[in-house]
Amino acid sequence: MTVKKLAAATAALLSAALLLSGCGAGAAEPAASDPAAAEAKTEIRYGKAQGPYTVLFEEAIIPILQEEGYTFEKTDFSDLLQNDLALNEKAIDVNVEQHQAYASNFNEAQGGKLELIGPIPTVPAGLFSGRHSSLDAVADGMTVAVPNDAANTARAYALLQKAGWIKLDPAKDVATVTKNDIVENPKNLDFQELVNTTVAATLPDFDYAVITGSIVYNAKIDPATALLQEDILPHLVLGVAVHEDNADAPWARAIVDAYASDEFKAYMEENNTGLWWIPEELR
């Protein structure tokens with residue numbers, strides 16, 4: 001065979017190989033946007049950071065969905081931010097560790113596209129003290145620790161207003177208030193804003209502290225020792241979080257339905273010892 005003919009034959013073989021390779025890759029892995037693939041999806045990838053919400057998901061919701069043929073893959077994260085970043089990138093499918101206020105802040109700060117598609121039980125934030133046994137002990141100049149992330153800072157000041165210690169600007173949205181929106185502080189309380197995960201550990205260093213539900217759980221604090229609990233406002237109800245592209249996916253709706261199921265109601269009736277506030281839709 002001449003050099004010219006050999007080159008032509010080699011080129012033809014390479015072209016055929018590339019064509020076959022391309023066809024094989026397309027057939028082996030359907031595009032993520034394929035509606036048929038989304039309809040058929042039965043493996044659910046969920047993110048887990050510390051807190052009671054994913055534990056509840058694992059103990060009560062996963063068994064319900066396994067009976068329907070779903071399987072699960074867990075990814076552990078050090079905190080909710082990393083969990084949400086993975087969810088926004090579709091590296092996982094779902095997490096169950098945030099309320100609407102947090103999700104809205106994440107979407108705004110990160111250009112995110114997360115959507116809460118159904119409510120889940122929520123652990124209320126509470127006002128705790130390692131020094132005093134009553135709210136009546138509050139005195140001029142005492143120190144109060146509050147979380148410093150935007151969503152939980154606002155709920156902390158709303159709780160302190162409920163206690164009667166401060167008054168917030170009524171013209172401001174209670175979901176986004178800050179220390180600057182305090183218009184009355186008759187006892188000159190000193191509010192110290194700390195990283196949310198550290199508030200429980202520093203409880204002895206302050207007269208009072210607002211501690212969110214997941215931190216109460218992680219720190220093994222008895223929720224019954226709260227001197228006052230927050231009212232769960234709509235923006236503070238936790239929910240099933242997915243990427244907005246998956247909000248109507250059958251597997252996503254199956255998770256929401258599991259939380260509303262009779263099996264889940266029975267589980268909560270047997271296992272809720274006062275930790276959980278249950279949304280009306282799930283009762």
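This is a predicted model: local features need pLDDT of at least 70, side-chain atom pairs count only at pLDDT 80 or more; totals for chains, interfaces and linings use all residues.
Residues are numbered from 1 along each chain as its sequence is written. Local features need pLDDT of at least 70, side-chain atom pairs count only at pLDDT 80 or more, totals for chains, interfaces and linings use all residues, and side-chain values use heavy atoms, with hydrogens and water left out.

Helices (H or I, at least four residues) and strands (E, at least two) are DSSP runs, numbered from the N terminus. Helix α6 covers residues 150–162. Its 13 residues reach 19 Å from first C-alpha to last. The expected span is 18 Å at 1.5 Å a residue, taken as 1.5 Å times one less than the number of residues. Buried residues (under 20% relative accessible area, 1.4 Å probe, protein chains only) in α6 include Ala151, Arg155, Tyr157 and Leu160. Gly164 follows α6 and has a positive phi, near 85°.

Helix α5 spans residues 100–110. Ala101, Ala103, Phe106 and Asn107 are buried there. The buried residues of α5 pack against α4, β3, β4 and α6, with contact meaning heavy atoms within 4.5 Å. Gly111 follows α5, and its phi is positive, near 65°.

Strand β10 comprises residues 208–211. Tyr208 and Val210 point one way, Ala209 and Ile211 the other. All are buried. In a regular strand the side chains alternate between the two faces of the sheet. Strands pair if DSSP finds at least two bridges between them. Strand β5 (residues 126–128) runs antiparallel to β10, joined by three bridges. Phe128 stands opposite Ala209. Strand β6 (residues 143–147) pairs with β10 in the parallel sense, over two bridges. Ala145 also stands opposite Ala209.

How values were computed
Buried means under 20% relative accessible area, exposed over 50%, partly exposed in between (1.4 Å probe, protein chains only).
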